[in-house]
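User: I am new to this structure and would like to learn how to read its features. Please take me through them step by step.

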Amino acid sequence: MQQLLGLDCLDDDTLLHIFTLLPVTSVICLRQTCRRLEMLSRQRIVWQSICLHQVLREGYPFPHHDAADADAWTLEKLVLRALRLGRFWLSDTRQPRCSVEFQASSGTGVSHVRFLPGHGGRYIVTVYKGIWSMVSCWDVGDLTRPRVAEPRKLADWCPKSAIFSGFVVNSDHNSEGALAIAVQTGGGQRSIEILSVTGRGGGNASFKSVCNIATSFRPIALQGDLIAFSDDAYETVVMNWRENTFALLKGSQQPMDERFQYNRCLQIVFAYRSILVVRARSVELFPYPDLRQAEDSYATYEPLGYHTFGWIDGVSVNTQRDPLLGADDASASGTGAPLSILLRTESDDPWASDVHKLEQFLLVPNPAFTDDVPPRDPAAEDVPLSTEFVTPIPPYVFPPVRAEHTSPAVRGFLRCTEIILGPCGTALWIQPRAARTAHLTGLDVHSSVAQVSDALNPDHLHPDDAPPTPLAAPDGVRADRAKTAESLCAAVFAGPLQRRHPELLPHARRLWVQPRDNCNWTAVDYDEDRGRVALGSSDGTVAVLDLV
């Protein structure tokens, strides 16, 4: 009779290859059988293969930067967390948990809350505006481990008699400048301060100013040494703050309703060979500028494309990153990735329906784009009259194309109108208490009286509202409050995750409910790769949620 061979008879290379083909549950089970399999199952090559085939090819969010230099143990933890996060988005019933809650300010609400990129979600920056404004950095610890200590404040920055009117965090974690703040002092002086956070690991952390820019514009985007700051009309300045070089992006100044000259800048994206400027009433695509010294005649650029969605109440733009490419690989690939625009429009009509939609639009790469034709600088004076300029071809097809699916959203009072869309297509936003549940303010006076009983009934839902899903809430929150209170909602929109799982549709999913009476959320941040959410409230508290 032929003798059967066991796994213990195979050499290490063969066993490693077998491990790379197994699902994670089988790898975990096999490692419990003997010390040799336990040792082999912890090799980095095993978890690199699992990450590639079971995480990235499924379109699941994954923190590429954290994994770049991670050892085998850390990589295993990141992969297991990414798999749980993928199951979270594929399921309609999984709910987040509140990992940390702390008092960030007293007597006033938190106006901004942001994760500092590149630190695994460990550091959070908060801003509050009392008599004077203050920015603080907090260490909330490694949330992948059992919490053993309360969040710790590392540093404060509060210039005397200063009010903050703008705030942005650097998307490049390797840059010295971690954040930029628009500051107005009591004397009326306005400037942008770029700050670094030093000494986080040694216990003597502090904010240090690394650059001061005298301007009344607000900082909108900070990426490495590049900062973009804008006014509330049509001008945007792009600057390399380290080299002190500039360029001006001048909007098209399209005529608007005379009652609404205000065109606040909402987001600026450093896209492929271009810069996208999103304002409350316009979206413009500019060529990537040539930055020059301030003493020279710096370049001025006009938009390559213009579009308007009406009045944008909230918007988020992100690159639809291929999960098989890291952020650095994608930027160096030589081709642009589609830009996804998720927005919520507002109406100038006070009698409009209180049911809105979150709509998604795509800017796809332009196959006719070439770098051979440089963009024209209208301010250039040394160009010969005989020179013929060719209208440059934009790197993206303009205007944006509407995606197939939308998600309903309720109109109502919001102190936090932010929408956050991740590269994989998952999105979070705050949904207000429906206006029709707020007594007579929710009624249509031109409709029948039969609506009165419905509008005052918390169980009533409009047919166009997001379908009710199980709500997560801290202990002690009443069921009737969970139906009418402010809530954190999420959905999966068109993107890498939805392409690999086409059964996913952008149905609103309620993740968390505001637990306190007479309290509103005032700030939110979302780290898609790590499945982590930070919520700032009007009572000064900050809650950190883990989706897995």
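User: Is Asp 66 buried, partly exposed or exposed, and why?

Analyst: Buried means under 20% relative accessible area, exposed over 50%, and partly exposed in between (1.4 Å probe, protein chains only). Asp 66 counts as partly exposed because its relative accessibility is 22%. This is a predicted model, in which local features need pLDDT of at least 70 and side-chain atom pairs count only at pLDDT 80 or more, while totals for chains, interfaces and linings use all residues. Residues are numbered from 1 along each chain as its sequence is written, and side-chain values use heavy atoms, with hydrogens and water left out.

User: With which residue does Asp 66 meet in a salt bridge?

Analyst: Side chains of opposite charge can pair when their charged atoms come close. A salt bridge is a side-chain nitrogen of Lys or Arg within 4 Å of a carboxyl oxygen of Asp or Glu. Here the partner of Asp 66 is Arg 530, at 2.8 Å from N to O. Arg 530 counts as buried, at 11% relative accessibility.

User: How many salt bridges does the whole structure hold?

Analyst: A search finds 22. One of them joins Glu 76 to Arg 42, with the closest N and O atoms 3.7 Å apart. Glu 76 is buried, with a relative accessible area of 4%, whereas Arg 42 is partly exposed at 34%.

User: What are the values for Arg 122 and Asp 139?

Analyst: Their closest N and O atoms are 2.8 Å apart in a salt bridge. Arg 122 is partly exposed at 35% relative accessibility, and Asp 139 is buried, with a relative accessible area of 6%.
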